[in-house]
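Hi,

Here is the structure I promised to pass on.

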Amino acid sequence: MATVEFSSLVKKYGPLEVVHSIDLAIRDGEFVVLVGPSGCGKSTCLRMLAGLEEISGGKILIDGQIVNEIEPRDRNIAMVFQDYALYPHMSVYENMAFSLQYRGFNKKEIKTRVAAAATTLGLTDLLDRRPKQLSGGQRQRVAMGRAIVRDPQVFLFDEPLSNLDAKLRGSMRIEIKKLHRRLGVTTVYVTHDQVEAMTLADRVVVMNNGRIEQVGTPEQVYHHPETLFVASFIGSPTMNLVPAEHDGTLLRLNDGSVLIRQPENKAAQPGAKMFGVRPEDVTVAEGPPPEGHSEVEVVVDVIEALGADTLVFATVAGSPFAARVPPATRLQPGASARLRFPNDKTHLFDADTGKALA
Amino acid sequence: MDTPSRHADDRKTAVVAQRMKKPFLSRKTRHLAFVWMLLLPALLVYFAYRAVPLAWNVVLSFSFWAPGKPIRFAGLYQYQELAFYDGIFWEVLKNTAIFMLVIPISIMLALALALLVDQKITGRNIYRTIIFLPYPMMVVAVGIVWRWLYNDNVGLINYALRSMGLISRPIAFLESYDFALAAVIAAAVWQILGFFMIIILTGLQNIPPHLYEAARIDGARAHHRFWRITLPLLRPSLFLCVILGVIASFTSFDLIYTMTNGGPGHATDLLITYIYKAAFTLSRFDYAAAMTVVMFVLFLALALLTNRLAGGDAGKVDISD
Ligand SMILES: Nc1ncnc2c1ncn2[C@@H]1O[C@H](COP(=O)(O)OP(=O)(O)OP(=O)(O)O)[C@@H](O)[C@H]1O
Ligand SMILES: [Mg+2]
């Protein structure tokens, strides 16, 4: 078990800088998920931590020790790859035993350890098979087995579930979580799937364009996004974001209608803003608005009944605006409607910098 | 579900089925006919130029026959001659076996070169091209070039050895009983090396890079990775080279013919060149046929053995699954 620290970490491919001076401190035993859109540098960071990519600038520390110049094999880490990277010419047993053979274990110890890992992951009956004789989910398990036999200090996962179907992904997610509970090993997990990020992480690191946008618990990044990017990336359907203008006391939409009367101290500075509210905080207005609530007049475009609830996609002042409402809604596509939300669930961002305004 | 609409559906299906005419041949028969139609030209050529001559060759090997003479049954006469009375046959068989050193030598060199040009070095495509270049060259041209290189008066090799002070008098490599076979082997290696390198390079590039990364993290050092990942996963490519090498050893007629014509004496004669001489110099087609049968059997045995050793997957490219 160990802490992991990135300090002003930079990665360049030739003249192209893809990771721009990242700082991150991961606690002992913590499950941290790096999440962000494709190409934002998640894998690159993970691979630098693994020792597979040269570090162009800054430092990486594992357990307080700088590992920049340390070979992957000496970092005491284990990694699960997206395509599993199982050795195709070896049996499941040999795949799992491979790393132990280079770490001074004798035959008997190797056998016990592989057997224990196989039991944990339900692989006992598959030990003699070759990878190509396994299903995707089983391969995934072997890849994890290969990682856990060694008792590494840190687990690294690079999109380990993205080759599985949705159902299997759900169950493997739970298994990974259980495994982490049980072993308590510091884990860095890369994904572009925000559901994985939210469900697995102790802390989520939201990345964009080679920078960290926000680090926080799943609750923090969901309820208190610090940037426009985080607000739009986390949550499904995504947060409603509507351009608005602040004149000092009132927040107005582009069409001039008043959005919020008492902008509760937020954004004392007048200027262009982005107003945000999550679809799940929006309800259909009935009667006069209660204290501390605001309303918008929208035109309903599409209604999607999901069963448990219904998504209403509408337009307000030229911007899309969605609401997650109970299934029995009387709203009709094409008709206009009044939607309501509590003021304390709204977010306000500076339109230029994208930073949240407290 | 006994609704009116269901009945309507049934009726519609029946009408459609009636309208479709039953074809003359069943689907499977038509499919087979199509397959045979496509195969036929190739099969005709195969029988006319391969199977029939091969069969004729076998018949001939049990006969006495010369052009213009009637054919007579000879039993095992030709085989007895080559086994018990023809010392040269055994010499050329030994030469052929020695000539097969081309296979391990060129595979090892090709593997080393492939590993080198697989690195991210500048100009690696140029190296690859240069190494591959001899292969598509006409073998006769290669033979002539090498004959000049080995020449004792004007040859580059003698010149180099003498300027380095390694020898005092020029060596006539191709006229020497000691050096001729080795010299021919060197030329054959040079010729086939590039082809083997390309085969091995393809094999190398089919190994997913993630395997090496996983192995590095697992603790395997460079030489462990070579022995435990690269080599086992190259097995199909390497065995493909072996089989092609075996074929080349039995068929390197043109190289020998242009470089030494089997000489001095029979020092560089291979089975194939000796067969040629028996047939076309001595006009002993019956005896040549017997030796050809022996060569065919030997070749088949070696090819089968190689493929067995390869686990039946020599040349298999896809190793991932
Ligand atoms: N070998 C390389 N040479 C040049 N640029 C590279 C190289 N590898 C990655 N990049 C670039 O670095 C950036 C970050 O890549 P990275 O693989 O870390 O993204 P990612 O966040 O893991 O994305 P994904 O979700 O698609 O896996 C990308 O813009 C990519 O094009
Ligand atoms: Mg990636």
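Strands here are DSSP runs (E, at least two residues) and helices likewise (H or I, at least four), numbered from the N terminus, and two strands pair if DSSP finds at least two bridges between them. It's a predicted model, so to speak of local features I need pLDDT of at least 70, side-chain atom pairs count only at pLDDT 80 or more, and totals for chains, interfaces and linings use all residues. Residues are numbered from 1 along each chain as its sequence is written, chains are lettered from A and ligands numbered from 1 in the order written, and side-chain values use heavy atoms, without hydrogens and water.

On to the hairpin: β4(A) and β5(A) have two residues between them, and Asp63(A) there takes a positive phi near 55°. The two strands run antiparallel, joined by two bridges, with Leu61(A) opposite Ile66(A). β4(A) (residues 57-62) also pairs with β1(A) (residues 4-13), antiparallel over five bridges; there Phe6(A) faces Ile60(A).

Then there's ligand 1. Its shell (a heavy atom within 4 Å) includes Tyr13(A), Lys42(A) and Glu159(A), and helix α1(A), residues 42-50, gives the largest share with three residues. For polar contacts (N or O pairs within 3.5 Å), oxygen atoms of ligand 1 lie 2.4 Å from a side-chain N or O of Thr44(A), 2.5 Å from a polar side-chain atom of Ser43(A) and 3.2 Å from a polar backbone atom of Cys40(A).

Cheers

Notes
Polar contact = N/O pair within 3.5 Å; in protein donor to acceptor, adjacent residues only side chain to side chain.
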